[in-house]
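Here is my note on this model, as numbered points. Please read it with the structure open.

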Amino acid sequence: MPEKLIIFDYSGTLSLDAVDFGRSDNLMRNLQRSGLFALGVDNVSLFWNIVNETWPEGSTTGAGYKKVMCERIAELLGPKSAAKREEIARSVSRFVDAYLEHSRIDERWRLILKKLSVDESVNVIVATDHYAEATDSIIDHLAGCDIQAASLVSDIRSNFIVANSADIGVHKAHQQFWLVVKNSIKLNCKRILLIDDFGGNEQPADAYVDLEKINERRQMTQKILRDTFAADVQSISFVVEDKQATEMIGEASGIIDQFIL
């Protein structure tokens with residue numbers, strides 16, 4: 001049983017494109033292409049209000065991004081929504097599919113991820129607070145890097161596991177998330193390396209990026225990991241603010257190489 005565990009965050013860490021999708025110009029373009037703009041989701045502020053209001057349910061249940069978004073838009077349209085249900089569903093589906101497709105793993109991670117996938121001395125967890133649809137999407141994006149990953153809640157065994165808050169029922173800043181992870185794959189690790197932006201790379205309009213919440217999330221996650229696994233925890237704060245992504249990924253890859261020696 002490997003005694004080393006590496007935990008990667010997804011959006012903002014492995015996938016910088018997931019964050020890029022949320023830039024105002026990209027959002028407006030995709031709101032228009034999907035048909036949401038014509039339905040009244042015609043500005044960035046309104047879009048983020050919808051996301052922030054539906055995030056608690058969307059990220060901790062199996063409802064999914066499409067369902068919670070459809071329901072909220074129908075509420076905003078009021079009586080007019082009855083005649084537009086199918087149009088709302090089609091538009092939301094196009095928008096969410098575009099987002100998930102855009103949320104690819106950054107190519108600069110490929111080499112180190114591939115190396116980890118064939119290293120029997122380490123387990124890798126892609127731990128993410130995300131919508132239900134993201135689990136299969138992340139597995140597909142890892143497959144594009146020639147890595148066979150599995151969902152935490154599936155019967156497939158792999159040293160690459162996707163642990164999604166929507167599948168577990170709580171966010172990863174809560175101990176219950178990590179207890180489920182530990183018990184599901186019977187982890188007994190002694191050393192943990194955590195690579196996460198803790199929300200620091202998200203778009204400013206996303207409530208998830210609140211500075212106080214970021215710091216709290218980081219401290220709590222490290223403490224919870226130490227307490228849950230009785231392990232030494234080393235973390236990399238992957239915030240691409242003062243450095244270029246290439247430099248950050250290079251530095252993180254070097255630390256990973258040292259960690260698995």
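1. Start at the bridge between Thr128 and Asn164: Asn164 is the partner of Thr128 in β4. Strands β2 and β4 pair in the parallel sense over five bridges. Two strands pair if DSSP finds at least two bridges between them. Strands are DSSP runs of E, at least two residues, and helices are runs of H or I, at least four residues, numbered from the N terminus.

2. The model is predicted; local features need pLDDT of at least 70, side-chain atom pairs count only at pLDDT 80 or more, and totals for chains, interfaces and linings use all residues. Residues are numbered from 1 along each chain as its sequence is written, and side-chain values use heavy atoms, with hydrogens and water left out.

3. What is the order of the strands in the sheet? Six strands form an open sheet, in the order β3-β4-β2-β1-β5-β6, with parallel pairing. The edge strands are β3 and β6, and each pairs on one side only. Helix α12 (residues 245-259) packs on the sheet and touches β1 (4-8), β5 (191-196) and β6. The direction of α12 makes about 170° with that of β5. Axes here are lines fitted to C-alpha atoms, for helices over the stretch in contact, and angles run from 0 to 180 degrees between N-to-C directions.

4. Next, strand β2. Five bridges join β1 to β2, and these strands run parallel. Val124 in β2 is the bridge partner of Ile6. Seven of the seven residues of β2 are buried (under 20% relative accessible area; exposed is over 50%, partly exposed in between; 1.4 Å probe, protein chains only). In a regular strand the side chains alternate between the two faces of the sheet. Both faces of β2 are covered: Val122, Val124, Val126 and Thr128 are buried on one side, and Asn123, Ile125 and Ala127 on the other.

5. Is helix α8 mostly covered or mostly open? Helix α8 (residues 134-143) is mostly covered, with seven of its ten residues buried. They are Ala134, Thr135, Ser137, Ile138, Ile139, His141 and Leu142. These buried residues pack against α6 (85-102), β2 (122-128), β3 (150-151), β4 (160-164) and α9 (165-168). Contact means heavy atoms within 4.5 Å.

6. Now the aromatic rings. The whole structure holds ten aromatic pairs. Rings of Phe, Tyr and Trp (its six-membered ring) pair if their centres lie within 6.5 Å; planes under 30 degrees apart count as stacked, over 60 as edge-to-face and the rest as tilted. Phe8 and Trp109 form an edge-to-face pair, 5.6 Å centre to centre with 80° between the planes. Phe8 lies in strand β1 and Trp109 in the loop between α6 and α7 (110-117), so the pair ties together parts that are 101 residues apart in sequence. Both Phe8 and Trp109 are buried.

7. Tyr65 and Tyr131 form a stacked pair, 3.9 Å centre to centre with 5° between the planes. Tyr65 lies in helix α5 (residues 65-77) and Tyr131 in the loop between β2 and α8, so this pair ties together parts that are 66 residues apart in sequence. Tyr65 and Tyr131 are both buried. They belong to one aromatic cluster, formed by Phe21, Phe47, Trp48, Trp55, Tyr65, Phe95, Tyr99 and Tyr131.

8. Last, the backbone. Most residues other than glycine have a negative phi. Asp146 has a positive phi, near 65°. Asp146 sits in the loop between α8 and β3 and is exposed, with a relative accessible area of 53%.
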